[in-house]
Amino acid sequence: MSKFVIWANEIDSRIPRKYGREVPKNLAVEKPNIDEIIDAAKSLGITVIEINREALNPKLAGLDDELRIKGRIIVESKHGKSKTLKLIAQKVREFRKARRKK
């Protein structure tokens, strides 16, 4: 199992890769919040070790305030970071789709 940091902006579709988006745009989610990411990680069986809701990724320093999403979690996953981010982004999309149907 490997530990790594997940920033909320890493799955945000509004953020260019240059500023830290890690997943392809077609998998990314618009304005993900840290709670959605935590719920998705837990539902995937990923261990959440630490949560910091006020942390801001230093890569976002050059962006407008509206694009700056705060939030960072440290997780432990059996997958690598890239695979884990894709799984989390997909799960957040599923949660949002399910909420819209209600």
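Guide: The chain has two helices and three strands, and from the N terminus on its elements run β-α-β-β-α. The model is predicted, so local features need pLDDT of at least 70, side-chain atom pairs count only at pLDDT 80 or more, and totals for chains, interfaces and linings use all residues. Residues are numbered from 1 along each chain as its sequence is written, and side-chain values use heavy atoms, with hydrogens and water left out.

Visitor: What makes a run of residues a helix or a strand?

Guide: Helices are DSSP runs of H or I with at least four residues, and strands are runs of E with at least two, numbered from the N terminus. Helix α1 covers residues 34-43, and strand β3 covers residues 72-77.

Visitor: Why are β2 and β3 said to pair?

Guide: Two strands pair if DSSP finds at least two bridges between them. β2 and β3 have five bridges, in the antiparallel sense, and therefore they meet that definition. Thr-47, for example, has Glu-76 in β3 as its bridge partner.

Visitor: Why are β1 and β2 called edge strands?

Guide: The open sheet has the order β1-β3-β2. β1 (2-7) and β2 (47-52) each pair on one side only.

Visitor: How do you know whether the radius of gyration agrees with a compact globule?

Guide: The radius is taken over C-alpha atoms, and the globule rule is 2.2 Å times the number of residues to the power 0.38. For 102 residues a compact globule would have a radius near 13 Å; the chain has 13 Å, so the two agree.

Technical notes
Contact = heavy atoms within 4.5 Å. Axes fitted to C-alpha atoms, helices over the stretch in contact; angles between N-to-C directions.
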